[in-house]
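Take a walk through this model, one element at a time. Keep the structure in view as you read.

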Amino acid sequence: MSTVAIDLAGVKKSFGDKVIVNELSFSVARGECFGLLGPNGAGKSTIARMLLGMISPDAGKITVLNEPVPSRARVARVRIGVVPQFDNLELEFTVRENLLVFGRYFGMSARKIEAVAPSLLEFARLESKADVRVSELSGGMKRRLTLARALINDPHLLVMDEPTTGLDPHARHLIWERLRVLLARGKTILLTTHFMEEAERLCDRLCVLEGGRKIAEGKPDGLIDEHIGCNVVEIYGGDPHQLCELIRPHARHIEVSGETLFCYAPYPDQVRVKLRGRAGLRILQRPPNLEDVFLRLTGREMEK
Amino acid sequence: MGENYAAVMPANAYNWIAVWRRNFLAWKKVALASILGNLADPIANLFGLGFGLGLIVGRVEGTSYIAFLAAGMVATSAMTSATFETMYAAFARMDAKRTWEAILSTQLTLGDIVLGELVWAASKSVLAGTAIGIVAATLGYASWPSILYAMPTIALTGLVFASLAMVVISLAPSYDYFVFYQTLVLTPMVFLCGVVFPTSQLPGSFQHFAGLLPLAHSVDLIRPAMLERGADSAALHVGALCVYAVLPFFASTALFRRRLMR
């Protein structure tokens with residue numbers, strides 16, 4: 001078996017004259033968590049759907065679990081679990097019935113589904129909800145059920161399109177924790193997200209997309225070092241342009257977004273000394289994160 | 001491109017069963033309401049027209065008007081129940097409920113889903129058509145075994161109209177467009193196809209046109225079965241119905257591919 005789970009080479013897709021995915025290539029190793037990071041409209045969902053054979057690329061080559069996609073996507077999907085962007089559970093069915101119905105789509109017998117259901121419900125922390133109708137579950141529970149459902153065929157690969165969008169912090173952390181358990185079991189995960197924190201916490205590697213184009217790829221730490229590599233001082237209040245001139249000698253790079261000034265400084269104390277005694281300023285010093293990388297690459301003043 | 005169309009056709013002969021069983025499970029939860037809802041309309045027609053109009057009309061084609069009408073009502077209820085199941089319930093599963101999207105992430109193809117939906121809609125037709133037949137038999141307007149003879153045609157009629165409705169929902173942007181199909185296609189078909197009066201009453205050119213319509217072929221098979229007469233050119237009627245079931249199946253599956261998997 002190849003060690004590559006997903007391989008895209010020169011993939012292009014347009015809808016009408018709008019280019020959605022532009023010459024995209026990347027490769028995901030087995031057992032890896034790979035993130036597609038980008039703003040809304042960057043083409044993330046289109047890529048996820050192309051991996052499943054639900055959209056055909058205009059050009060390029062896609063291989064998923066050694067199967068050419070879309071021509072043999074059906075065969076590949078036998079070993080893929082999917083968590084879609086929008087829940088598509090059976091609302092009138094109970095939690096248990098959802099697993100039963102979904103397992104049958106994979107040709108599983110009722111007995112086999114009943115055999116795996118308890119461990120899936122336990123995994124999703126839904127043991128006590130087995131006979132509750134899905135319409136009565138909270139958003140976080142529905143998401144966890146979607147995850148359990150995606151595991152019914154014991155997939156090698158999970159494709160997750162924005163798995164925690166719309167969830168509160170508790171629910172989100174629980175999903176992240178569950179996904180780490182799956183990675184520890186050796187599953188491969190491809191996830192799309194626009195949460196930097198999610199990408200930073202979960203992904204071994206990620207690919208930053210904008211307008212369907214890859215603008216960076218690498219490990220989260222590596223990207224942060226490469227593109228930022230120093231502390232960040234956020235300054236609120238005051239005239240950003242005036243402050244800009246003041247601190248410029250100590251900054252590697254400065255960005256202004258509205259009323260806020262982002263100063264990338266190897267020695268932030270020097271910046272603070274310069275600003276000492278100025279009234280009405282709020283200063284926040286922090287280590288750099290993926291969001292800085294993302295905004296550096298895509299521009300602070302971007303919408304969304 | 002041909003390869004891609006092949007990829008959406010049914011993957012094997014049995015994948016569709018999982019879709020049928022999903023719908024059956026959902027139906028079981030609301031079975032009683034569903035049966036009553038499906039029966040009320042055709043039974044009201046049968047009694048209203050059968051008794052009321054039957055008094056004026058007297059005998060038609062050598063039988064009582066209500067017995068003549070009962071066979072037409074069996075065919076019509078098979079048509080409407082398959083049509084409505086597809087146009088409303090299957091459309092919701094394809095569109096708002098995203099059920100099809102969930103199924104498409106498994107090893108099923110679009111063709112498997114469409115086939116499962118068609119057989120399911122046909123199953124509901126068998127239920128509705130048989131129920132009308134039972135009412136007619138109970139009242140003595142049809143013999144009990146005749147319902148069994150009619151059943152294969154009822155099922156085929158269900159497949160035909162589910163298949164045609166699939167084309168409608170694969171093209172319709174929303175529910176609002178279904179009314180055109182109902183009022184411009186289905187309602188005229190009821191009057192052209194010998195449901196409430198013999199097609200021999202129609203002007204000649206209309207008779208030829210009616211001969212092309214699927215409901216006419218259903219009625220021409222179901223009525224002789226229920227009146228226990230031999231059907232004329234049965235093979236022709238069965239063949240025509242098969243064409244009406246199969247061609248829209250392929251057309252709608254290809255259209256759904258464009259709609260859902262572009």
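Val256(A) has Leu261(A) as its bridge partner in β13(A). Start from that pair in this predicted model. Val256(A) and Leu261(A) face each other across a bridge, and their neighbourhood is a hairpin formed by β12(A) and β13(A). Strand β12 of chain A covers residues 253-257. It runs antiparallel to β13(A), and 5 bridges join the two. Between the strands of the hairpin lie 2 residues. Gly258(A) takes a positive phi there, near 60°.

Now look at the other partner of β13(A). Strand β11 of chain A, residues 231-236, pairs with β13(A), residues 260-265. The sense is antiparallel, and there are 6 bridges. Here Tyr236(A) stands opposite Thr260(A). Strands of a sheet pair through backbone hydrogen bonds, parallel or antiparallel.

Move to another helix of chain A. Helix α4 of chain A takes in residues 110-123. Does its span agree or disagree with its residue count? At 1.5 Å a residue, its 14 residues should span 20 Å; the end C-alpha atoms are 20 Å apart, which agrees. There is a kink as well. It is about 35°, at Ala117(A), shortly before the proline Pro118(A). After α4(A) comes Arg125(A), with a positive phi near 55°.

Chain A as a whole has 304 residues, and 40% of them count as buried. It holds 11 helices and 14 strands. Its C-alpha trace spans about 75 × 45 × 35 Å along the principal axes. Take the contacts in chain A between residues at least 6 apart in sequence: 68% of these join residues at least 24 apart.

Where does chain A touch chain B? On the side of chain A that touches chain B, α2 (73-77) and α3 (95-105) of chain A each supply at least two residues. α3(A) gives the most to that side, with 4 residues. In total, 20 residues of chain A are in contact with 23 residues of chain B.

Now cross to chain B. Helix α3 of chain B, residues 31-57, has 27 residues. From first C-alpha to last it reaches 37 Å, close to the 39 Å expected at 1.5 Å a residue. A kink of about 30° lies in α3(B) at Ala40(B), shortly before the proline Pro42(B). Pro42(B) is buried, and so are Asn38(B), Leu46(B) and Gly50(B). The buried residues of α3(B) pack against α4 and α6 (110-138) of chain B. Gly58(B) follows α3(B), and its phi is positive, near 75°.

Which residues touch the most other members of the largest nonpolar core? They are Leu51(A), Val159(A), Ala70(B), Val74(B) and Ile222(B), and the core has 141 residues. Helix α4 of chain B, residues 65-94, gives the most to this core, with 18 residues. A second, separate core has 12 residues, including Val233(A), Leu261(A), Tyr264(A) and Val271(A). Leu261(A) is also the bridge partner of Val256(A). Back in the largest core, look at Ala70(B). Leaving aside residues up to four places away in sequence, Ala70(B) touches Leu46(B), Ile132(B), Ala136(B), Tyr141(B), Ala142(B) and Met226(B). Leu46(B) is one of the buried residues of α3(B).

End at Val196(B). This residue sits in the loop between α8 (178-192) and α9 (204-210) of chain B. Is Val196(B) buried or exposed? Val196(B) is buried, because 20 other C-beta atoms lie within 10 Å. Its contacts, not counting residues up to four places away in sequence, are Leu49(B), Leu69(B), Gly72(B) and Phe191(B). Val196(B) and Phe68(B) are 128 residues apart along the chain, and their C-alpha atoms are separated by 7.9 Å.

Note on methods: Residues numbered from 1 in each chain as written. Chains lettered and ligands numbered in written order. Predicted model: local features only at pLDDT ≥ 70, side-chain atom pairs only at ≥ 80, totals over all residues. Pairing = 2+ DSSP bridges. Expected span 1.5 Å × (residues − 1). Bend = angle between axes of the 7 residues up to and from the residue. Contact = placed C-beta atoms within 7 Å. Core = buried A, V, L, I, M, F, W, Y, C linked by C-beta atoms within 7 Å.
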